[in-house]
Amino acid sequence: MQTTEVGQNSEIKQVIGSLCMMNNRFMNFMLDDNKKAAQVFLRVILGDDKIKVRNVRIQSFIQNIYGHSSQLDILALDSKGRYFNVEVQRSDEGAPARRARFYSSILDTHFLQPGKLYEELPDTYVIFITENDVLHDNLPLYNIRRRIDENAKCFEDGSRIIYVNSQRRDNTALGKLMQDLYCTEPKNLHYHEFAERMEFLKYSKEGEEKMTDVIEEYAARKAEALAKEAAKKAARKAAKEAAKKAEEKEQANRIELAQGLLADGMSIEFTVRHSKLTEAEVRELASKLSA
């Protein structure tokens, strides 16, 4: 029992040790109420050192009574009243253009209160940090804003969508930030604003307890994987048993046919050819019939 617990604790520490910020659950813990860390993200991505984060929340659920609701990974508010939604997407399917459009629109409907003027609608930024270059132009960053087709001028409606390609991990400020997203050790991080938090989450008892749901999620995935493997084994076993029964039935049919042919006076050679038994098997049947 004690050995099992030691093994489980070792496995949990191994799981926690392997986590990086490209795991969106771990990213949530890194930025939850961590204004300095959120500020680094926004300053580097937007190239603006004057951004001051007033508030940052994780897993913000925005209810839409008329349609699809959303749960935002990270939602930050800065000193200018601008809202920033940051989403970490490891799957290409999780970052389609229309999802970014929807998130932008749901921020608008949520933050313009009844009776307020349209001019009071806050600026919003939807930022998708993607594991792969989902827009396929090998750019580190894609800034998306509405433009007027006829003169190519920006249509300044206060909404922006940004895709960050985390594959571009060079020595620029943005590239170093992307390196940090894949870093698993606090001492190797470029931005010290992340290091203290990662140290706490990975190497303190309180941090481990805080990440209970990450561990539970891992345990659930492991249980699911074990269940799938057990189901596969059961399916393979059932298939083998079914194949064995089918072969046994086929053999019984061959024997029955051979017995009938021999009883009708057919030769050994003829019976072997038509029953598909071996000559030795047919001769054994013949000897039993003549006994």
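My entries follow in the order I looked things up.

**Ground rules.** I'm working with a predicted model, where local features need pLDDT of at least 70, side-chain atom pairs count only at pLDDT 80 or more, and totals for chains, interfaces and linings use all residues. Residues are numbered from 1 along each chain as its sequence is written, and side-chain values use heavy atoms, with hydrogens and water left out.

**Salt bridges.** I looked up the total and got 10 salt bridges, each being a side-chain nitrogen of Lys or Arg within 4 Å of a carboxyl oxygen of Asp or Glu.

I started with Arg 90 and Glu 131, whose side chains meet in a salt bridge at 2.8 Å, N to O. This pair links distant parts of the chain, 41 residues apart: Arg 90 sits in the loop between strand E3 (83–89) and helix H4 (97–111), and Glu 131 in the loop between strand E4 (124–130) and E5. For the element names I rely on DSSP runs numbered from the N terminus, with helices (H or I) of at least four residues and strands (E) of at least two. Arg 90 has 38% relative accessibility, so I put it down as partly exposed. The scale I use is buried under 20% relative accessible area, exposed over 50% and partly exposed in between, with a 1.4 Å probe and protein chains only.

Next came Glu 156 and Arg 145, with their closest N and O atoms 2.6 Å apart in a salt bridge. I find both in the loop between E5 and E6, 11 residues apart. Glu 156 counts as exposed because its relative accessibility is 57%, while Arg 145 is partly exposed at 34%.

Then I checked helix H10 (residues 279–290), which holds both Arg 283 and Glu 279, four residues apart, about one turn of the helix. Their salt bridge has its closest N and O atoms at 3.0 Å. Arg 283 is partly exposed at 44%, and Glu 279 is partly exposed at 43%.

I also noted a network of salt bridges linking Glu 247, Glu 250 and Arg 254.

Where is Arg 146 found? I located it in the loop between strand E5 (141–144) and strand E6 (159–165). Leaving out residues up to four places away in sequence, Arg 146 touches Lys 153, Cys 154, Phe 155, Asp 157 and Ser 159, where contact means heavy atoms within 4.5 Å. The side chains of Arg 146 and Ser 159 are joined by a polar contact of 3.1 Å.

The largest pocket has a volume of about 280 Å³. Of its 19 lining residues, Arg 101, Ser 104, Arg 146, Ser 159 and Ile 161 are the closest to its centre. H4 gives the largest share of that lining, six residues. I sorted the lining into eight nonpolar, five polar and six charged.

**The cavity.** I found one cavity of 30 Å³ or more. Its lining is Leu 31, Ala 38, Phe 41, Leu 42, Ile 74, Ala 76 and Val 86, which divides into seven nonpolar, no polar and no charged. Helix H3 (35–46) and strand E2 (70–78) each supply at least two residues, with the largest share, three, from H3.

**Terms for my own use.**

- Polar contact: a pair of N or O atoms within 3.5 Å; within protein, one must be able to donate a hydrogen and the other to accept it, and residues adjacent in sequence count only if both atoms are side-chain atoms.
- Cavity and pocket: on a 1 Å grid over the protein atoms alone, a cavity is a set of points where a 1.4 Å probe fits but cannot get out, and a pocket is an open set with protein on both sides within 12 Å along at least five of seven lines; lining residues have an atom within 4 Å of a point.
- Volume: the space filled by probe spheres set on the points, with grid points joined across faces, edges and corners.
- Residue classes: Ala, Val, Leu, Ile, Met, Phe, Trp, Tyr, Cys and Pro count as nonpolar, Asp, Glu, Lys and Arg as charged, and the others, Gly among them, as polar.
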